[in-house]
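Morning, everyone. Please have the sequence and the 3D view open while I talk.

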Amino acid sequence: MATQVDEKTSDGSTNSRNALNEETASDSSRLALDNDPVYSYREQRKIIHRIDRRLVITCGIIYCFSLIDRGNLGNASIAGMTDDLELKVGFRYSTIVLVFFPTYVLFQPPATLLSRRLGPRKFLASITLLWGALEIGFGFAKKWTDMIGLRVALGILEAGLYPSVVYLLATWYSRYDVGKRYCAFYVIGCLALAFGGVLAYGLMQMDGLSGMRGWRWIFIMEGVFTCATSFFAYFFLVDFPDKADQSWRFLNKDERDFIVRRINKDRDDAIPEKFTLARFLRPALDIKIWILAFISFLIITVTTSISVFLPIILRNGLGFTIAESQCLIAPPYCLAAILMVTSAYLGDRFHVRGPILIFNSLVALVGLPIMGFASSSRARYFGVFLVTAGTNANIPTALAYQANNVRGQWKRALTSALFVGCGGIGGISGGTIFRSQDAPRYIPGISAAIACNCLVIVCVLGLSGYYMYANKQADKGKKVNEGSEAFRYTI
């Protein structure tokens with residue numbers, strides 16, 4: 001309903017006009033999107049929730065095992081791998097962490113193209129099976145150099161998952177439905193970060209079975225779980241919306257057409273244009289997508305450093321036992337999940353992303369000095385809560401921020417690849433900032449994480465400021481955003 005506003009003119013007279021406040025505008029946009037010629041609102045929600053159950057949950061489960069397989073080095077390290085493979089010499093452990101990321105970054109753009117060309121079901125299920133088998137091989141490494149070769153290969157295989165899933169989810173949902181879906185996807189993945197330590201501690205109890213150390217069983221059994229997940233993914237993953245009726249026991253043709261209509265009503269890019277290399281690469285000239293990618297780099301630098309080094313920080317920096325260190329990983333990620341869900345709900349409800357990114361960065365900025373400079377281990381562990389929550393909650397929000405502000409299938413594919421690829425470079429950076437020689441305070445790592453969160457705030461302020469200006473120009477008919485007169489950026 002319109003709100004009546006009285007406005008004084010310069011001569012003191014009163015003009016009356018109708019103005020929509022932001023909440024009413026959001027509701028009007030939602031009503032227009034939900035107005036379908038075939039399905040009622042209730043029928044539409046049933047279809048969308050069916051997509052959620054098949055697509056979001058399946059992708060989240062695969063991502064969960066991806067994070068377990070990628071991040072189990074910290075748990076294996078304190079379970080005996082460091083001594084057995086002599087990783088305390090020089091920078092061996094950091095090297096093993098880092099070598100994963102160059103191939104992970106380089107292979108993301110071609111992997112995203114392959115997912116579009118081959119179909120996500122076959123492509124994602126295949127690479128999941130292959131990296132699960134590779135993970136089993138980690139358990140049989142004889143020397144530290146074996147781990148380097150395995151991590152390089154793991155980077156190649158896992159490169160196809162994250163950008164392909166980010167792209168796939170964006171093609172299925174409208175701009176103000178996708179935030180909660182990214183959140184659900186990432187929260188499921190965070191189960192790996194939260195309970196990976198608990199799982200590793202349980203698997204470590206297999207120490208001595210078949211004459212193998214417990215850390216080897218961590219890799220072997222988690223690899224077996226991943227291989228089993230790949231078969232589940234083959235049957236339950238779905239293709240892109242234009243081919244949705246070809247997926248096993250999923251949508252029929254009418255339901256597929258409804259999704260295509262809905263996406264076209266939201267941003268008119270449900271059907272991909274014919275692929276050409278020039279069409280795929282041309283959006284790289286847009287500086288905005290590089291700023292979005294830089295935001296991803298900054299956020300992932302901090303989240304990777306926390307996920308990889310948190311067991312070591314808890315053990316060597318805060319003085320907890322091995323069992324305590326592995327189990328105390330979980331609570332901070334539970335708080336992160338709560339903040340993620342809240343951020344996603346508010347972002348989709350009020351059609352905003354930037355202010356939420358800034359708030360979450362401020363939460364992390366409060367936690368980092370506590371984590372680094374507090375005198376008691378309990379206070380520093382509280383700082384870990386704030387840092388883990390603030391930085392991880394920013395990942396799905398940043399994903400929605402970039403997905404909401406691009407249009408066109410191939411630009412979306414390139415933006416997703418660059419966003420995740422620069423996040424991979426952030427993983428390289430994150431693998432270096434918490435160094436063993438900086439224990440127990442890790443001041444250089446704390447300082448780097450503070451700088452990253454400050455830069456996130458600066459980038460978001462600049463980008464959202466431009467988006468506001470561009471929207472005002474488009475409202476006046478002086479500018480066309482993303483090739484569409486109806487398109488408006490999300491602040």
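One caution before the details. This is a predicted model.

Let's start with E255. Where does it lie? E255 is in helix α12, which runs over residues 253-266. Is E255 buried or exposed? Its relative accessibility is 10%, so E255 counts as buried. The cut-off for buried is under 20%.

Now its surroundings. Leaving out residues up to four places away in sequence, E255 touches Y39, I47, R50 and F250. One of these contacts carries charge. E255 and R50 form a salt bridge, with the closest N and O atoms 2.9 Å apart. This pair links distant parts of the chain: E255 is in helix α12, R50 is in helix α2, and they are 205 residues apart. What about the exposure of R50? At 26% relative accessibility, R50 counts as partly exposed.

Which residue does R261 meet in a salt bridge? The partner is D36, at 3.0 Å from N to O. D36 sits in the loop between α1 (22-33) and α2 (41-71), while R261 is in helix α12, so the pair ties together parts that are 225 residues apart in sequence. D36 has 12% relative accessibility and so counts as buried. R261 has 28% and so counts as partly exposed.

D257 and K253 form a salt bridge, the closest N and O atoms being 3.3 Å apart. They are four residues apart in α12, so about one helical turn separates them. The general point is that an α-helix has 3.6 residues a turn, so residues three or four places apart point the same way. D257 is partly exposed, with a relative accessible area of 22%. K253 is partly exposed too, at 48%.

I47 is found in helix α2. Its relative accessibility is 2%, so I47 counts as buried. Beyond four places in sequence, its contacts are Y39, L251, E255, F258 and I259. Compare sequence and space for I47 and F250. They are 203 residues apart in sequence, and 9.8 Å apart C-alpha to C-alpha.

Next, helix α3, residues 73-84. It has 12 residues, but its end C-alpha atoms are only 13 Å apart. A straight helix would reach 16 Å at 1.5 Å a residue, so α3 falls short. How many of its residues are buried? The answer is 10 of the 12, so α3 is largely enclosed by the rest of the structure. Among the buried ones are L73, N75, I78 and M81. After α3 comes E86, whose phi is positive, near 55°.

M81 leads us to the core. The largest nonpolar core has 140 residues, and M81 and W172 have the most contacts inside it. Helix α14, residues 287-317, gives the largest share of this core, with 14 residues. Not counting residues up to four places away in sequence, M81 touches L73, A76, E86, L87, Y93, M147, W215 and F219.

Last topic: rings. A search of the whole structure finds 24 aromatic pairs. Take F101 and Y104. Their ring centres are 6.3 Å apart and their planes are at 85°, so the pair is edge-to-face. The two are three residues apart in helix α5 (residues 100-106), so they are separated by about one helical turn. Both F101 and Y104 are buried.

There is also an aromatic cluster, formed by F232, Y234, F235, F236 and W248. Two of its rings have a charge over them. The charged end of R121 sits over the ring of Y234, 4.5 Å from its centre. R249 lies over the face of W248, 5.8 Å from the ring centre.

That is the tour. Over to you.

Terms used: Residues numbered from 1 in each chain as written. Predicted model: local features only at pLDDT ≥ 70, side-chain atom pairs only at ≥ 80, totals over all residues. Heavy atoms only, no water. Buried < 20%, exposed > 50% of the residue type's maximum accessible area, 1.4 Å probe, protein only. Contact = heavy atoms within 4.5 Å. Core = buried A, V, L, I, M, F, W, Y, C linked by side-chain atoms within 4.5 Å. Phe/Tyr/Trp six-rings, centres within 6.5 Å; stacked < 30°, edge-to-face > 60°. Lys NZ or Arg CZ within 6 Å of the ring centre and 35° of its normal. Salt bridge = Lys/Arg side-chain N within 4 Å of Asp/Glu carboxyl O.
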